[in-house]
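Open the structure in your viewer and keep the sequence panel beside it. The stops below say what to select and what is there.

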Amino acid sequence: MRHVITALENELRKQEELHHLVSLLLNRFLTTSLDDFSERVNHSLEELGRYFQADRVYVFDYDFEKKLCHNTFEWCAPGVSSELDNLQNVPLDALPEWVNTHMKGESMYIPQVEALPVESGIRQILEPQQVQSLLAVPMMSGNYCHGFVGFDSVMQERTYSKHEQNVLKDFSNALLGAVERHRVEAQREMIHQQLIVAKQEAERANIAKSEFLSNMSHEIRTPLNVILGFSHLLKQEGLDQKNKRRVEDILQNGEHLLMLINEILDMSKIESGYVQIVKQTISLPVMIEDLYRMFEMMAYQKGIELLVEVDQCVPNQIGSDPTKVKQILINLIHNALKFTDRGRIRIKVSASASQLCFIITDTGRGIEGQELELLFEPFYQKKYTDQQQGTGLGLPISKQYATLLGGDLQVESSVGHGSRFTFTLPLEQNERVETVNSESETWTDVRFSNMHVLVVEDTPAQQDILQELLEAVGCKVSLTSLGNVALEKVRTERYDMILLDVRLPDLDGIEVATRLKSHANCPPIIIISANAFDEDRQKAFASGASAFISKPFHPNLLFEVMHRHRNTIIVDSQAMLSDVYTAIQEGDVETIEHLVSDYRMETPHLQPIWEAIDQFDYELANRLLHQALRGEADV
């Protein structure tokens, strides 16, 4: 009796130890990272193998779709050969009894391999591996078998109790859950890494695209700026009407070429979601007249009648983005002319209380129904036209811009009957918009007396244009093509403003601007560059530049920006006050007037001194100058 009790106690102790071991192993699976999972599985197989005194413990996966099974994990006791590499892609047909048993959710238990019939397929597989006993426990998920955990006894036979088999079945099912969880995590990590690689490739492609667009834009804008720049200068040379009209045609066509370049850049901005709407006052009569003159000759040459109808209810001025409104209308009218061979094109402008409407109707070839849906897709052009001109971006950009402006762009068409494009804009009552000077105004009326400007530009033609423009409005101009020379000039001479290109032979213009701004009395810097992307502007302003102008530019824009930043000019107050003080002491009225004229607008904090001089109260002026020079009073 005592012997029986002792045996039962030993059995219970062994069961508790087994439960504790399995519980410990399963808890480890729950806290195992993806990187450590394989090592943790192999370690668990080792602990189970040592507990059961098995010589080889392994995991197999079933692939029923391919009708194969694979040895995925394995632990072997010292002196026992590994079969991991030998048991890959094993046909399931070689183990029909084995597979059928597992598919029922039952374990394959063979306490004596040599007791199997000699012709048994299982015996023929196990004997070359020197297996004497085997237990293969299925890994089940519901009624589906995913594989099994196997225990080989090589050195001696081994028996497994029903309790041990049941515990190992729980372990194998839990192991399957852990394997599946980590497999999902591995797939998620793989997808995550693939997304990172795809993102990096997309970023590299985007950088390459941006660099290409930037270089292309720069290489086209630079010569175009020369063409437009000299055209603006020629226009002021007192030409006869015939040559003046030719120069105007050069300007209009050059600006159209610039529009095509901008279309490519604008589509890039639209795709990145970065487009700014700048509301300003638009003079509709001026804009419509400009559009008519732009396309009048093209229509005449094709023998097409170009008609403009403006309802009396249309306001003279509206508030919107003039650049984008004009670009939409240019695209629509140009397309109408391009695809119309005879007849007429009518531009009709009407308005209601809340909406402005432009309708461009042509008697052209028309558009097939299925193509209407593709008309606003980027780079799409009508297949049957023999005029493959342009970028294929005009209409997509126009559609996007119309939406951004709060309006819409729609098309109606039928083959052989022409097309009708309707562009609408909202009209807001009492809206406040920025009023700007029209570029058609005469820029030669501008004057900058006694302003010394340093032009840092490496292209001789660009230097000539800027020098002529600046000298025509009263500026003194110094030229250099090198960044290092510009740095030295600013260190040794006084300038009121710097016009700086970005691409210089020796230094990057952004670097030059950054170094110039480190000087205490650095004048305003206006960067003038053929690099026209928003990131170029951001870099310019980050360097300390006061303004950024992209080439080609209208003279009015340059002078407007110069005037806007003229009041930020930093004056060497001590040197200037000393000059004024000396001139008063010497009674040099001419020098006094010259200095007051130069510095009055730039030093509003010294207004009391200038007022005293205006009133010829030189005693008060001397006293204030003396105090200012000694720093005894806040003038």
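The expected span of a helix is 1.5 Å times one less than its number of residues. Helices (H or I, at least four residues) and strands (E, at least two) are DSSP runs, numbered from the N terminus. This is a predicted model, in which local features need pLDDT of at least 70 and side-chain atom pairs count only at pLDDT 80 or more, while totals for chains, interfaces and linings use all residues. Residues are numbered from 1 along each chain as its sequence is written, and side-chain values use heavy atoms, with hydrogens and water left out.

**Stop 1: helix 7**

Select residues 284-302, which form helix 7. At 1.5 Å a residue, its 19 residues should span 27 Å, and the end C-alpha atoms are 27 Å apart, which agrees. Now go to phenylalanine 295, where helix 7 bends by about 40 degrees; the bend at a residue is the angle between axes fitted to the seven residues ending there and the seven starting there.

Next, show the side chains of Leu284, Met287, Ile288, Leu291, Phe295 and Ala299, the buried residues of helix 7. Buried means under 20% relative accessible area, exposed over 50%, and partly exposed in between (1.4 Å probe, protein chains only). What do these buried residues pack against? Their partners include strand 8 (305-310), helix 8 (322-338) and strand 10 (344-351).

**Stop 2**

Serine 350 is found in strand 10. With 17% relative accessibility, serine 350 counts as buried. Leaving aside neighbours within four places in sequence, serine 350 is in contact (heavy atoms within 4.5 Å) with Asp311, Val314, Gln355, Leu356 and Cys357.

Move to serine 23, in helix 1 (residues 2-30). Serine 23 has 38% relative accessibility, so it counts as partly exposed.

**Stop 3: strand 17**

Select residues 525-529. Five of the five residues of this strand 17 are buried, so it is largely enclosed by the rest of the structure. Ile525, Ile527 and Ser529 lie on one side and Ile526 and Ile528 on the other, and both faces are covered.

Which strands pair with strand 17? Strand 16 (residues 497-500) runs parallel to strand 17 and is joined to it by three bridges, with leucine 499 opposite isoleucine 526. Strand 18 (residues 547-550) also runs parallel to strand 17, through four bridges; there phenylalanine 548 is the bridge partner of isoleucine 527. Two strands pair if DSSP finds at least two bridges between them.

**Stop 4: aspartate 501**

Aspartate 501 sits in the loop between strand 16 and helix 13 (509-516). Is aspartate 501 buried or exposed? Aspartate 501 is buried, with a relative accessible area of 4%. Not counting residues up to four places away in sequence, aspartate 501 touches Val456, Glu457, Asp458, Gly509, Ile528, Ser529 and Lys551. An unreviewed UniProt entry lists Asp501 for "modified residue: 4-aspartylphosphate"; such annotations may be inferred rather than shown by experiment.

**Stop 5: confidence**

Colour the chain by pLDDT, the predictor's confidence in each residue, from 0 to 100. The protein chain has a mean pLDDT of 80, and 82% of its residues reach 70 or more. Over residues 383-388 the pLDDT is below 50, and this stretch has 14 contacts in the model beyond near neighbours in sequence. Residues 430-441 also stay under 50, with 17 contacts beyond four places in sequence. Where pLDDT is low, the predicted coordinates should not be read in detail.
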